[in-house]
Amino acid sequence: MERLGNGCLRILLTEQEVLEHHLDIGSLQNGQGNLQEGLRQLLAEARGRTGFGATGRLLVEAIPLDGGCLLLVTPQTAHRSLRIRRAAGPLVFTIANEDHLLSLAQSWARHPHRGRELCASSLYRGGEGYFLVVYPAIAFSKRTRRLLETFATAVKQGHAAAAFVAEHTNALVVGDALSKLGQAYDRSQE
């Protein structure tokens, strides 16, 4: 669970946690009793862990991930002005080697927009390189796209491409790969 700078809450759940909280992702819109109770439990836990205490209407977005899902919870208040840009869906990048991967981690750690533009990212090892699957929260800025394309090559787009990578490669970090790489780089510099 992570409280984002823009007032949102990001919750990464394993498949087991999804089942424990009765979160049938396919029925999020139906507002079923078990589903609402599971969300209430998660929000109560988030309040204790992160201080997220939004009241009133909440927008809950669910993004299925290999082995679980990502929930993005956004408070809907009259004082909040939301500007929504359509995200393109998951993007698949290849990264040629460890040097490019470490350079990407270093650049991502210093990138000012990293928390706003990305919902999730997963890193996989396949063949002689790496695959990075990113789930944009909004359309990437030119700066973010340029940063990614400096160290990685965009090869596919869409849920089918992301699922293919997840099925045919070895998962290294699922859900928040770029954040963890950036944090690891920051720690290595201390």
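**Close-up views**

At 37% relative accessibility, Glu-2 counts as partly exposed, a class that lies between buried (under 20% relative accessible area) and exposed (over 50%), with a 1.4 Å probe and protein chains only. The structure is a predicted model, in which local features need pLDDT of at least 70 and side-chain atom pairs count only at pLDDT 80 or more, whereas totals for chains, interfaces and linings use all residues. Residues are numbered from 1 along each chain as its sequence is written, and side-chain values use heavy atoms, with hydrogens and water left out.

**View A. A salt bridge joins Glu-2 to Arg-10.** The closest N and O atoms of this pair are 2.5 Å apart, a salt bridge being defined as a side-chain nitrogen of Lys or Arg within 4 Å of a carboxyl oxygen of Asp or Glu.

**View B. Glu-45 and Arg-49 form a salt bridge within helix H2.** Their closest N and O atoms are 3.4 Å apart, and because the two residues stand four places apart in H2 (residues 33–50), about one helical turn separates them. Helices (H or I, at least four residues) and strands (E, at least two) are DSSP runs, numbered from the N terminus; the protein has seven helices and nine strands. Glu-45 is partly exposed, at 33% relative accessible area, while Arg-49, at 59%, counts as exposed.

**View C. Arg-145 and Glu-149 meet through their side chains in a salt bridge.** The N to O distance is 3.2 Å, and both residues belong to helix H5 (residues 142–151), where they lie four residues apart, about one turn of the helix. Arg-145 is partly exposed, with 32% relative accessibility, and Glu-149 is likewise partly exposed, with a relative accessible area of 40%.

**View D. Helices H3 and H5 pack with their axes 8 Å apart.** The angle between H3 (residues 98–110) and H5 is about 160°, so that H3 runs roughly antiparallel to H5, a term applied to angles over 145 degrees. Axes here are lines fitted to C-alpha atoms, for helices over the stretch in contact, and angles run from 0 to 180 degrees between N-to-C directions. From H3, the residues His-100, Ser-103, Leu-104, Ser-107 and Trp-108 meet Thr-144, Leu-147, Leu-148 and Phe-151 of H5, with contact taken as heavy atoms within 4.5 Å.

**View E. Ser-122 is buried in strand S6.** The relative accessibility of Ser-122 is 1%, and the strand that holds Ser-122 spans residues 118–126. When residues up to four places away in sequence are not counted, Ser-122 touches Phe-131, Leu-132, Val-133, Val-173, Val-174, Gly-175 and Ala-177. For the protein as a whole, buried residues make up 38% of the 190 residues, and among contacts between residues at least 6 apart in sequence, 68% join residues at least 24 apart.

**View F. Gln-183 and Ala-109 are 74 residues apart in sequence and 6.8 Å apart in space, C-alpha to C-alpha.** Gln-183 is found in helix H7, which covers residues 177–188, and with a relative accessible area of 43% Gln-183 is partly exposed.

How values were computed: Parallel < 35°, antiparallel > 145°, perpendicular 65-115°, else oblique.
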